[in-house]
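This report is written for a reader who is meeting the structure for the first time. The sequence and the three-dimensional view are shown below.

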Amino acid sequence: SFKSLTGGAEQAADMVDQLNKFAASTPYQIEGIATAARQLIASGTDIGQVTNTLKFLGDIAAASGGQIDEIASIFSKVKAKGKVELESINQLAERGIPIFKLLAEATGLPADKLGAGAVSVEQFEAVLRNMAEAGGIAEGAMLNLSQTAGGKFSTALDNLKIAGAKLGDALLPVIETLL
């Protein structure tokens, strides 16, 4: 799927390599990260910005106890639609993210006035990015979660998957010859 989304085999291989490295250093599994990356690319996120976007979305997901692909899905819908709808704000709030408070502070509008058209996509993205930056409520959340037993187990699983894929690549010529 990355071949068609990125425009070629070389770009796809580079993207998969970046995602594997990202997965190996986070508490998230490669499958969820790959789903999130596909959503971001499909919604118009520049290929060169996918990993950076995954970093702040991953911190938000870790801080809220959610999954990275869920947060990326909400973010991608906003980007694809080109507008921030109340439904998207509510979905983040339902996941324990204080998005109404943060958007109200950023826009100067009361929380009950943040409906359709009140918040630009740029403001929405800036608020989410700020959550994961220094002093933000999600700063370093992925790193903290990756230090837990569950996070270390997830990282170990991803590293095993990467090693298994490399072994499979090495054995593939022998298997093809045997077949």
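## Overall organisation

The structure is a predicted model. Its chain has 10 helices and zero strands, so that the order of elements from the N terminus reads α-α-α-α-α-α-α-α-α-α. The chain holds 179 residues, of which 40% are buried.

Contacts that reach across the sequence can also be described. Of those between residues at least 6 apart in sequence, 62% join residues at least 24 apart.

In soluble globular proteins, nonpolar side chains tend to be buried together. In this model, the largest nonpolar core contains 46 residues, and Leu54, Phe124 and Leu128 have the most contacts inside it. Two or more residues of this core come from each of helix 2 (9–24), helix 3, helix 4 (50–64), helix 5, helix 6 (86–94), helix 7 (99–107), helix 8 (121–132) and helix 9 (141–146).

The surroundings of Phe124 can be listed in detail. Apart from neighbours within four places in sequence, Phe124 is in contact with Phe75, Val78, Val84, Leu92, Leu103 and Val119.

Helix 3 is followed by Gly44, which has a positive phi near 105°.

On the side of helix 3, the contact involves Gly32, Ile33, Thr35, Ala36, Gln39 and Leu40, which meet Ile68, Asp69, Ala72, Ser73, Phe75 and Ser76 of helix 5. The residues of this contact comprise six nonpolar, five polar and one charged.

## Individual positions

Ala34 belongs to helix 3 and is buried, its relative accessible area being 12%. Leaving aside neighbours within four places in sequence, Ala34 is in contact with Phe2 and Leu19. Ala34 and Ser1 are 33 residues apart in sequence, and their C-alpha atoms are 9.9 Å apart in space.

Thr45 is located in the loop between helix 3 and helix 4. With a relative accessible area of 8%, Thr45 is buried, and its contacts beyond four places in sequence are Leu40, Val50, Thr53 and Lys79. Thr51 is placed in helix 4 and counts as buried at 15% relative accessibility. Not counting residues up to four places away in sequence, Thr51 touches Gln18 and Phe22.

Is Gly82 buried or exposed? Gly82, in the loop between helix 5 and helix 6, is exposed, with a relative accessible area of 52%. Gly82 and Ser120 are 38 residues apart along the chain, and 8.3 Å separates their C-alpha atoms.

How values were computed
Residues are numbered from 1 along each chain as its sequence is written. This is a predicted model: local features need pLDDT of at least 70, side-chain atom pairs count only at pLDDT 80 or more; totals for chains, interfaces and linings use all residues. Side-chain values use heavy atoms; hydrogens and water are left out. Contact means heavy atoms within 4.5 Å. Helices (H or I, at least four residues) and strands (E, at least two) are DSSP runs, numbered from the N terminus. Ala, Val, Leu, Ile, Met, Phe, Trp, Tyr, Cys and Pro count as nonpolar, Asp, Glu, Lys and Arg as charged, and the others, Gly among them, as polar. A nonpolar core is a set of buried Ala, Val, Leu, Ile, Met, Phe, Trp, Tyr and Cys residues joined through side-chain atoms within 4.5 Å. Buried means under 20% relative accessible area, exposed over 50%, partly exposed in between (1.4 Å probe, protein chains only).
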